[in-house]
Amino acid sequence: YPAALGARPPATLLLYRCASVGFDPMKIQLIGFREGLWFEIVKVGTKVNLVVKSLTDYSEYFWGAGYSGDYPFQVAQGHYPDFHWDTVPKWISYRKKPNRADSKFTPDEIRSIADTNYMSWFGLVSVDEIVEVAEAIKSANPDYRQLLYWNSFSYWGAPISTFNENWLKYKVVNGQRWYLTMENNKYVYRKDTTNKRRYYNHAIPAMRQWWIDHAVMMTSKSSIDGVFCDATRSNMDTDHSNMIKQLMHTLPEDIIKMGNFLRQRDSYRYDEDGKPVPHNGNRWRMPYADGSYLENVHDGPVNQPKGQSLIASLQLAREALWKGKIIFWNGAPYNCLDSCEVTEEEMAEYIKPTLAEYLILAEEYSYFNFAVTPVATDNPAWMWNTGAMEEFQRPLGRPLGPPVKVGNTFTRHFEHVAVMLTVGDDGVNKGTYVGAEWT
């Protein structure tokens, strides 16, 4: 559509005037358009229009007023992981249960991680074991990028010798410390917190400095390429949020800086008085980050239409990729951790809609993970490292244009496959593929 090539959002372009004439969304291709745009085909009376908006415009979503402003494009990418369009590019998270004879990854497991993924995070074990696993993976694949998993809210996993337990949240009961932990999704103080998470007291400056210093020390190891900060949901300008920001600014430029940042359910957050305040989907964190992991992409604020939660998440990811960031898309249908009741045949069905989600947003430096658990102990590889699945062997090729939205259906074309994602208002989605080796 020549008139649209130079169109600047927002714009509405007439495609044709006979709305009664239908069309096949899978046969629509948008070629030659400028980047950073969101395209939707809309019927208005007898007209069929192409509506164009910017990827920075979230105003149409439920609580869309919580989004505002912009963030700059990424400048440095020389420290990024490798990326190819040959097949679906994967990332992975993994861990093993500690204090068991089989708590170490086997050479075959290390090789499978290194061969089928570009990047991962790992932590919660001793410093030596983190480095040992990273070195083994990098030995198998020198181009691999290994991140330190670093939780910003809870102190859990293997003890760290330099940590001071005075920096945890606790209260004194009958002369004994009861630490803050969580039970049944509620925060409680308990005397015995064995095998439970305890929580940092971010009000203590020494704790915040230790947390920063430890991550910087870990990235000085040649096998650790970056840091992934988890449990980052905190309001702007809190001690917790400022600690994360300070770490990102402290790390060297050639260190990958990622986190569990972008989250469309955080268009608003509640302040100390219980008042909802705009929170911008946490886009305010992106100026100091190289990228973001996205999880719970189907869950949004209370009363938001179920399908819209995913659509807004797709836009957050597309905007970040347009601006040169890294995106880890989590395609897990659910996370069953230690009690996985799922069959390999069910996994083959689960991947169809979640992979379609990824392909709709995919750009350079976007990576897809599909698993039902990160726990490798007692679980077969097809549950936690799914690189052997057929979908990851099939040819993909470069995208031939951006996705187009028709109602709650998205379509997009790649060199070797066309994909259609149908987003259900009931939260049930469907992925359809057309390609010589995809059907």
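**Figure 1. Glu349 in helix α6.** Glu349 sits in helix α6, which spans residues 344–361. Helices are DSSP runs of H or I with at least four residues, strands are runs of E with at least two, and both are numbered from the N terminus. This is a predicted model in which local features need pLDDT of at least 70 and side-chain atom pairs count only at pLDDT 80 or more, while totals for chains, interfaces and linings use all residues. Residues are numbered from 1 along each chain as its sequence is written, and side-chain values use heavy atoms, with hydrogens and water left out. Glu349 counts as partly exposed because its relative accessibility is 47%. The classes are buried (under 20% relative accessible area), exposed (over 50%) and partly exposed (in between), with a 1.4 Å probe and protein chains only. The side chains of Glu349 and Lys352 make a polar contact at 3.1 Å. A polar contact is a pair of N or O atoms within 3.5 Å; within protein, one must be able to donate a hydrogen and the other to accept it, and residues adjacent in sequence count only if both atoms are side-chain atoms. Arg398 is 49 residues from Glu349 in sequence and 25 Å away in space, C-alpha to C-alpha.

**Figure 2. Strand β6 and its two partners.** Strand β5 (residues 119–122) runs parallel to β6 and is joined to it by 4 bridges. Met119 has Arg145 as its bridge partner in β6. From β5 the chain passes through helix α2 (residues 127–140) to β6, in a right-handed β-α-β crossover. Right-handed means that, with the strands pointing away from the viewer, the path from the first strand over the helix to the second runs clockwise. Strand β12 (residues 226–230) also pairs with β6 in the parallel sense, over 5 bridges. Pairing requires at least two DSSP bridges between the strands. Phe228 of β12 is the bridge partner of Tyr149.

Figure 3. The whole structure holds 3 cavities of 30 Å³ or more. On a 1 Å grid over the protein atoms alone, a cavity is a set of points where a 1.4 Å probe fits but cannot get out; a pocket is an open set with protein on both sides within 12 Å along at least five of seven lines; lining residues have an atom within 4 Å of a point. Points are joined across faces, edges and corners, and a volume is the space filled by probe spheres set on them. The largest cavity has about 150 Å³ of space. Its lining comprises 15 residues, with Leu124, Tyr149, Trp150, Trp156 and Ile160 nearest the centre. Elements giving two or more residues are α2, β6 and β7 (154–155). The largest share, 4 residues, comes from β6. The lining has 12 nonpolar, 3 polar and no charged residues. Ala, Val, Leu, Ile, Met, Phe, Trp, Tyr, Cys and Pro count as nonpolar, Asp, Glu, Lys and Arg as charged, and the others, Gly among them, as polar.

**Figure 4. The second largest pocket.** About 460 Å³ of space lies in this pocket. Glu35, Trp322, Glu363, Glu364 and Arg412 are the closest to its centre among 22 lining residues. The most, 3 residues, come from α5.
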